[in-house]
Amino acid sequence: MQSQKGAKSVANGVPVNLEGLGKEYGHFTALKSLNLTVPAGTSLGFLGPNGAGKSTTIKIMTNLIRPSRGHATLFGIDVRQEPTRALAHIGAVIETPEFYGYLSPLETLAYAGRLRGMSSKEIEHRSEAVLKEVKLNEWADHRIQEFSKGMKQRVAIAQALLHEPELLVLDEPTSGLDPRGMAEVRDVIKALKGEGRTIFMSSHLLGEVQEVCDDVALLNHGELLIHGSVRDLSRGSDTSTFQTSFLRPPTPQDLEALAAVPGIVEIKNEGDSTIDLRISGGEEGQARVLEAMVSRGLKVITYRPLGSSLEQLYLDRIQESDRL
Amino acid sequence: MTPSPLAQVITVASYEIRKYIRGRRLLGILILVGLILALFIGLPPALSIPYASTPNAFVSTFATFTGLLVVLSGVLFAADALVSEHEKRTGYFLFPNPVRREVLVLGKIAASLIVSAAVISLYYGGAALAALAITHSLTWDVGLSYVYALAYMLAVVGVAYLVSATFKSTVAATVLTFFLFTLIFSIVGAILPAAKIDPWFIPTSASGIITNVLGRAEVRPGPGGGASVGFVPDPATSLLVFLAYAIVGGVLAILWFRRRELSS
């Protein structure tokens, strides 16, 4: 298999190494000076709000745009200087690509495979496998012009997997898919991760990143805010929001008393009997607040975290970065 | 192993040709070729007009439309070849592959030339067969006119690719290429002699050699080509002019396309 041979030749290079990467569009700075390394076998979730610089980074990595400064190297090969070599070992899905409507998925995969130097036999064998993987095998011979956005996204994922790349660069891979399709794509990515492939995936969906990725990098206004393992960052978040429902609505005096409990950062009244409590101090703080409510005689029906701690960390850091 | 650039050029060209074969454009232009041939062959007897008695005179009637056919081929099979990768977002599929942009341009140019040449060959083939059937003879001049038409096609395709590499909209690139060769160049070529400048460097004026070789030196400005009255293009110079437009257009298209970013 071509990609396996290739894997040997690039085994010594780090899959992704971004050094001082910056990009300006006129007076607008899309990316300031990004330094990021993704070791082999890691799956990195690249997070950030719209306009944070995620797609700009991915486009530089795949040679769609030039950096204003800095370098992007894939497996030790500079993308600008040797794009053909650098891109030989990656599979990419960027935004929602369009395909040639006059071709079928099989023909599209054959086109990509031939450009990559795969033999007809390899193309045939791998096309069948990847189309089955993305559940498009029954549409293999239909022209893509008949396809919905979600089906095109599946073709995009299929072509990225065709040559069994060592590195997968995925820009919003579940965009345009229905919930079932999203789950299927996540399973495909998890399976690839299990095979030890390196994954660089941008997403808006924190749950998706938590489910699929080992590491996370958070970007805002073209700057890297956080980079670390999902587990550490989830643990490291100090505050979290808990939705609390009571049997009877709490009185203003109850709320006043709660506000004085150490660890409660903010109270939002969400309805007669429901409040959102923003609590600091990790699990200790959460236990303390629950105890305080019970000891005041409030009858708590539910006490559940709103979103993940990673989500809270994400929101905290983005808000902090927006204020600066 | 990534294949050689030549192998990639062939791959790109083969898929581009497939696009033209499956699309309606090729069918449309083939219908047009059939219609023109049918009108030239069918109308004279229907109107009781005798056919030209010599093959050169007979084919020259067809050759007056060659310029337009060449321009239409360039417009339909070249003008949107590069710009569409950006506008229709197919570049997001194609560009992250290990293939250089110049390879993509060369493959596309090869496909445009092959399809355009096929259309022109069909037209000249039909005209030559009709000349053979009606006048019972053919001359080398007909072949020479065909070669000149192919040379003119190189120039049109070169310019069309340059326009395609620089514009952001397929419609704008297509319209500009069409009007460049049917109006703008023709107008410039018609006005220059008034300033005592021979328009030898204007491709539409130089394309007069396509009909002149068949014995029609009184070239008229018209759709898709023809020089102004009074200017008779020299074949050797005109061929060099076509070549220059083809090479300069193609090279600039490659350079521009290489620099162009896919950021929309």
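The report below walks through the sheets, the domains and the chain contact of this predicted model.

Is strand 7 of chain A largely enclosed or left open by the rest of the structure? Five of the five residues of this strand (residues 167–171) are buried, so strand 7 of chain A is largely enclosed by the rest of the structure. In a regular strand, side chains alternate between the two faces of the sheet. Here, Leu167(A), Val169(A) and Asp171(A) point one way, while Leu168(A) and Leu170(A) point the other way, and all are buried.

On one hand, strand 7 of chain A runs parallel to strand 6 (residues 90–93) of chain A, and four bridges join the two. Within this pairing, Ile90(A) stands opposite Leu167(A), and Gly91(A) stands opposite Leu168(A). Strand 7 of chain A is also joined to strand 8 (residues 198–203) of chain A, by five bridges and again in parallel. In that pairing, Leu168(A) stands opposite Ile199(A). To get from strand 7 to strand 8 of chain A, the chain passes through helix 7 (residues 179–194) of chain A, and this β-α-β crossover is right-handed.

## The four-stranded sheet

Chain A also holds an open sheet of four strands in the order 2-1-4-5, with antiparallel pairing. Strand 2 (28–38) and strand 5 (77–78) of chain A stand at its edges with a single partner strand each, so one side of each has no neighbour in the sheet.

Seven bridges link strand 1 (residues 16–25) of chain A to strand 2 of chain A in the antiparallel sense. Asn17(A), for instance, stands opposite Thr37(A) in strand 2 of chain A. Helix 2 (residues 54–61) of chain A lies across strand 1, strand 2 and strand 4 (69–74) of chain A, at about 115° to strand 1 of chain A.

## Two domains in chain A

The domain assignment divides chain A into domain 1 (2–228) and domain 2 (237–323). Their C-alpha centres lie 39 Å apart. Nine residues from domain 1 of chain A and seven residues from domain 2 of chain A take part in the contact.

Which elements give two or more residues to the domain 1 side of this contact in chain A? They are helix 8 (206–212), strand 9 (215–220) and strand 10 (223–229) of chain A. By class, this side of domain 1 of chain A has six nonpolar, three polar and no charged residues.

## Where chain B meets chain A

The contact between the chains takes 23 residues from chain B and 26 residues from chain A. On the chain B side, helix 1 (5–22) and helix 6 (91–94) of chain B each supply at least two residues. Helix 1 of chain B gives the most to this side, with five residues. By class, the side of chain B that touches chain A has 10 nonpolar, seven polar and six charged residues.

Notes
Residues are numbered from 1 along each chain as its sequence is written. Chains are lettered from A and ligands numbered from 1 in the order in which they are written. This is a predicted model: local features need pLDDT of at least 70, side-chain atom pairs count only at pLDDT 80 or more; totals for chains, interfaces and linings use all residues. A residue is buried if 20 or more other C-beta atoms lie within 10 Å of its own, exposed if 12 or fewer, and partly exposed in between; C-beta atoms are placed from the backbone. Two strands pair if DSSP finds at least two bridges between them. A crossover is right-handed if, with the strands pointing away from the viewer, the path from the first strand over the helix to the second runs clockwise. Domain bounds come from an automatic or database domain assignment. Two residues are in contact if their C-beta atoms, placed from the backbone, lie within 7 Å. Ala, Val, Leu, Ile, Met, Phe, Trp, Tyr, Cys and Pro count as nonpolar, Asp, Glu, Lys and Arg as charged, and the others, Gly among them, as polar. Axes are lines fitted to C-alpha atoms, for helices over the stretch in contact, and angles run from 0 to 180 degrees between N-to-C directions.
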